[in-house]
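Dear colleague,

Here is the structure for your files. My notes on what was found in it follow below.

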Amino acid sequence: MSEDREILLFQNIRQVILAERWCMENKLPVRVIPVPKPHSSECGMCLEMNRREGDLLMTFLNERGMVPRRIKLSHL
Amino acid sequence: MFEGFEMFVMFPDSQNHYALRPFDKLRGTFAQGPLTLQTFQTLQTFQTFLMNLYFDNCATSFPKPAAVAEAMVSHLNETGGTYGRSAYPRIFQSTKLVEECRDSLATLVGTAEGEKIIFTANATTALNLMIQGICKRGGHVLTSAMEHNAIARPLEHLRQLGWIEWELLESAPDGTIITEKIASKLRPNTILVAVCHMSNVNGMAQSPGEIKKAIGEIPLLVDASQSLGSHPVLVDEWGVDFLAFTGHKSLLGPTGTGGAFVRRQELVEPLIYGGTGSGSDSLSMPSYLPDRFEAGTPNITGIHGLNAALKNRPVPRHTRDDFADLLREVKTNNNYVVRCATDFANQGKLFSVVHHSLSSSELALRFYETYGIESRAGLHCAPLAHRHLGSFPNGDCRFSLSPYHTPEELNFLAKAIHDVGR
């Protein structure tokens, strides 16, 4: 199933919290998870989402001034 | 001990001392003997017992909204969780609350840019962060005649190190900066203007927007320790570059909370270096806010309390007119010099008195021993202000109000000031 999932890595913790809040408010399905191991130097949280929602979420967040890094879980 | 009793009633005993006794409404009887809570010599001392006579809210506010302690206890005993660092629900909820508090503070200081709010242990730490962080480049600094040592001592320290020169702006008798004279003090190497928004000695509030207009692109740092929560603060409208605040005064939060608004982060070197839970593969501090100035675990329990304080602001029990009446009444006593703003529109909820013969410490002792009034005597960590006002080195006796004070309590204070000052 992981190939259907993607994660969004943010600059800092505050951005994760804001992004999650905005997504929830707009009924965009995301889940907060620990940053996966290859990226664990960030030592915090990231958002996990269904790949189908990826483009929509990126556009949504970009419009709000956020430029998260989008990573396909199958590549981890 | 008093379970089942719904009210307490004053009851004179055989020696005509008044006592608080629990009254059992069901049985219609008073509890007797050992259930007495406290005895009073007179009816007046009983009435005083029921009053809020804490008038030292500029030092730290009391009481706090009940929700403050509840939120802190809940974090310590039930929810727990640090800020960031992982992603399980306990941490996520705690982190979310910290960011909620940050955004509430941003709104309160007059900006929509929450990431520019930095949490620190108190206003002094925030002021040191910005003064030391900006002045590492060296140069000339201007400040006001009414400064607290939270600004004056870092400046003097840097002057002694040979990094900066600093001098005072010209002020009116109540300490208000004369904005028309600011331009004549500016130099090509002026790197900072640092002023307290509201004096902690006489309650006079400066006009940061006018000061910023007069200094142009030179950074303006405002110390809002006494004003935020009781007086409008509008960083975007005023164009303020940096602002420091504390959580435990007019915001009614716990001690150990405070912070800064940082508009021009590129001018400030961090004061504290360490882990931020971001960019951890680098040995350098992140370049982005708020991480750049928030190394180490923040006071999460305290921020829970501060957030609760912001969400549970009390409706003031007295009006601005009640306060004006108090000041007017005190000013009628010729035995005192009253320290306050010349224009009441610029007056914060504090003032000081100097008696013609009693020292400030004698005054404070009499207020407490005779009336139970808690006030603050001395220099209030603001020797520059007292030099300007003419009360250095003896200082004065300060009274600072809480939104919980009632008009009756203000009347009681006015009466006590008259009686003590006779």
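In this predicted model, B:Ala67, B:Val68, B:Ala71, B:Met72, B:His75 and B:Leu76 of α2(B) are in contact with B:Ile300, B:Thr301, B:Gly302, B:His304, B:Gly305, B:Ala308 and B:Ala309 of α8(B) (contact: heavy atoms within 4.5 Å). These residues comprise eight nonpolar, five polar and no charged, with Gly counted as polar and Pro as nonpolar. Helix α2 (residues 66–79) and helix α8 (residues 300–311), both of chain B, have axes 8 Å apart at an angle of about 145°; axes are fitted to C-alpha atoms over the stretch in contact, and angles run from 0 to 180 degrees between N-to-C directions. The crossing is right-handed (near helix turned clockwise from the far one by less than a right angle). Helices are DSSP runs of H or I, at least four residues.

Beyond four places in sequence, the contacts of B:Val193 include B:Leu142, B:Leu169 and B:Ile211.

Chain A averages a pLDDT (predictor's confidence in each residue, 0 to 100) of 87, and 87% of the residues score at least 70.

Residues are numbered from 1 along each chain as its sequence is written, and chains are lettered from A and ligands numbered from 1 in the order written. Local features need pLDDT of at least 70 and side-chain atom pairs 80 or more, while totals for chains, interfaces and linings use all residues; side-chain values use heavy atoms, without hydrogens and water.

Regards

Technical notes:
Helix = DSSP H or I, 4+ residues; strand = E, 2+ residues; numbered from the N terminus.
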